[in-house]
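Please open the model in your viewer and keep the selection tool ready.

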Amino acid sequence: MSMNDTFAHNLRVLCDAEPSVSAVCRGMGVNRQQFSRYLAGTSLPNRKNLDRICEYFGVSAASLFRSDGGSDVTSRATVVHRDFDALVSRERPANLAPGLYFVDFTGPDAPGTIVRSVTIISHEGPMTTFRRLTNFGESRNSWWGRLRGDHHGVVIERRSWFYFVALDSAGSRTPSMLVLKWAVGEEPMLVGHSALMASAGPMVIPTVMSPCPRKYSLRGALRQSRAYPSDDIAIDMAIQDALEMQSQELVAMTRKLDIGVRGVVPEQTQPSSRY
């Protein structure tokens, strides 16, 4: 096998574990047509692109030109995924009923707003999986509509907390995590916080998740997936109150962390109303 063929084979093995070749090219900043030539074995990358490939996949340059099956190319593409699959296969389904749910966040890029997304929860064998769809009810030209998301992930339950871990299937596969628990009260809702990517960078924001009313089909629920004023009557008052409470808890936690790290009480710290 020639050097070109060996490199192309190893690169294809790595790409097989990725969502798409286009996503790989976007993630590493390499021209798609040029990358196709690498995959076909018709050319080899220059030093700059080789460094980008190695950095993106977390492998050494030498391993890309080795034909032995014990290279770290094979290790990265199979062993890690096999170990992860083994861990997940031992999980029990989370104690969440399958179906449609609304997830409401305080607006990550606009104070005074509540952003609603739709989540579909399913039980697949030992796993509880979900798909969260964001901004499908927004105009494409709106500030929030331009940030449409389609997050796929798993739900892991630990000590009455639910961890929703996902990657956005679009673009750079932005990760997210929601950490929620059942609220005490008459309304069935999960409350907590989310780690999301906003325009200014990663943010932790108050979050409430509630079963979608039965009157909504998936299509109808998606029409509600948009940004609302924080006092909009379309958002149930119980959800508004829960978001306010989570916002205040987040401020309190931030204050305690600041005291622990700096040893002083932050000056002029006021509870945030919605953010």
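This tour of a predicted model names what to select at each stop.

**Cysteines.** Select Cys15 and show its side chain; Cys15 is buried, at 8% relative accessible area. The closest cysteine sulfur belongs to Cys25 and lies 7.4 Å away, too far for a bond. A disulfide needs the two sulfur atoms within 2.5 Å. Across the whole structure the search gives zero disulfides. Cys212 is another buried cysteine, with 10% relative accessibility.

- Select Arg47 and Asp51, whose side chains form a salt bridge at 3.3 Å, N to O. Both belong to helix H4 and sit four residues apart, about one turn of the helix. Arg47 is exposed at 55%, while Asp51 is partly exposed at 38%.
- Next select Asp104 and Arg116, paired at 2.8 Å, N to O.
- Then select Arg131 and Asp150, which meet at 2.7 Å, N to O. Here strand E3 supplies Arg131 and strand E4 supplies Asp150, 19 residues apart. Arg131 is partly exposed, at 35%, whereas Asp150 is buried, at 14%.

**Nonpolar patch.** Switch to a surface view and select Met3, Leu44 and Phe65. Together these residues make a nonpolar surface patch of about 250 Å². Leu44 comes from the loop between helix H3 and helix H4, and is partly exposed at 31% relative accessible area.

Methods:
Residues are numbered from 1 along each chain as its sequence is written. This is a predicted model: local features need pLDDT of at least 70, side-chain atom pairs count only at pLDDT 80 or more; totals for chains, interfaces and linings use all residues. Side-chain values use heavy atoms; hydrogens and water are left out. Buried means under 20% relative accessible area, exposed over 50%, partly exposed in between (1.4 Å probe, protein chains only). Patches are made of residues with over 30% relative accessible area and no salt bridge: like charges are joined within 9 Å, nonpolar side chains (Val, Leu, Ile, Met, Phe, Trp, Tyr) within 5 Å. Accessible areas come from the Shrake-Rupley method with a 1.4 Å probe; for residues, only the protein chains shown count as cover. A salt bridge is a side-chain nitrogen of Lys or Arg within 4 Å of a carboxyl oxygen of Asp or Glu. Helices (H or I, at least four residues) and strands (E, at least two) are DSSP runs, numbered from the N terminus.
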